[in-house]
Amino acid sequence: LTAADVERALYKAKGIDFDDVVRLAEENPEIDIKALKIELKANNFYRGNPYINKVGTMLGFTSDQLDNLFANGTL
């Protein structure tokens, strides 16, 4: 998925964008904020990226919901 696809899906599902994700992640000691910011600058997102699971879990998404995002573009 493109970065815009992912950010759009987050906005539709939770009303948040990547800036909000970074702010929320700053409160999570399991997430390296600098590395996350680099990941969020990527042009494309892949389901196998470990940050997808970490951030998805932090935001309350299940693995099935994340799979659906990458299969269908929606959460």
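The expected span of a helix is taken as 1.5 Å times one less than its number of residues, and helices themselves are DSSP runs (H or I, at least four residues) numbered from the N terminus. Helix α1, residues 3-14, has twelve residues and reaches 16 Å from its first C-alpha to its last, close to the 16 Å expected at 1.5 Å a residue.

The structure is a predicted model, in which local features need pLDDT of at least 70 and side-chain atom pairs count only at pLDDT 80 or more, whereas totals for chains, interfaces and linings use all residues. Residues are numbered from 1 along each chain as its sequence is written, and side-chain values use heavy atoms, with hydrogens and water left out. The mean pLDDT (the predictor's confidence in each residue, from 0 to 100) of the protein chain is 94, and 100% of its residues reach 70 or more. Among the elements of the chain, the lowest mean pLDDT, 92, belongs to helix α4 (residues 50-58), and the highest, 96, to helix α2 (residues 18-25).

In α1, the residues A3, V6, A9 and L10 are buried, a term that stands for under 20% relative accessible area, with exposed meaning over 50% and partly exposed in between (1.4 Å probe, protein chains only). Just after α1, G15 takes a positive phi of about 70 degrees.

Helix α5 buries L66, L69 and F70. Seen down the axis of α5, its buried residues fall within an arc of 85 degrees, so they line one face of the helix, and on the other side D64, A71 and N72 are exposed. The cover of the buried residues of α5 includes α1 and α4, and the helix is followed by G73, whose phi is positive, near 80 degrees.

In α3 (33-40), the buried residues are I33, L36 and L40. They cover an arc of only 55 degrees around the axis, which puts them on the same side of α3, and they pack against α2 and α4. The exposed residues K34 and I38 are carried by the face of α3 turned away from its buried side.

In the loop between α2 and α3 lies I31, which is buried, with a relative accessible area of 7%. Leaving aside its neighbours within four places in sequence, I31 is in contact (heavy atoms within 4.5 Å) with A25, L36, Y51, K54, V55 and M58.

The structure holds one aromatic pair, where rings of Phe, Tyr and Trp (its six-membered ring) pair if their centres lie within 6.5 Å, and planes under 30 degrees apart count as stacked, over 60 as edge-to-face and the rest as tilted. The rings of F18 and F45 have their centres 5.8 Å apart and their planes at 35 degrees, so the pair is tilted. F18 lies in helix α2 and F45 in the loop between α3 and α4, so the pair ties together parts that are 27 residues apart in sequence; both F18 and F45 are buried.

Technical notes. Helix = DSSP H or I, 4+ residues; strand = E, 2+ residues; numbered from the N terminus. Arc of directions from axis to C-beta.
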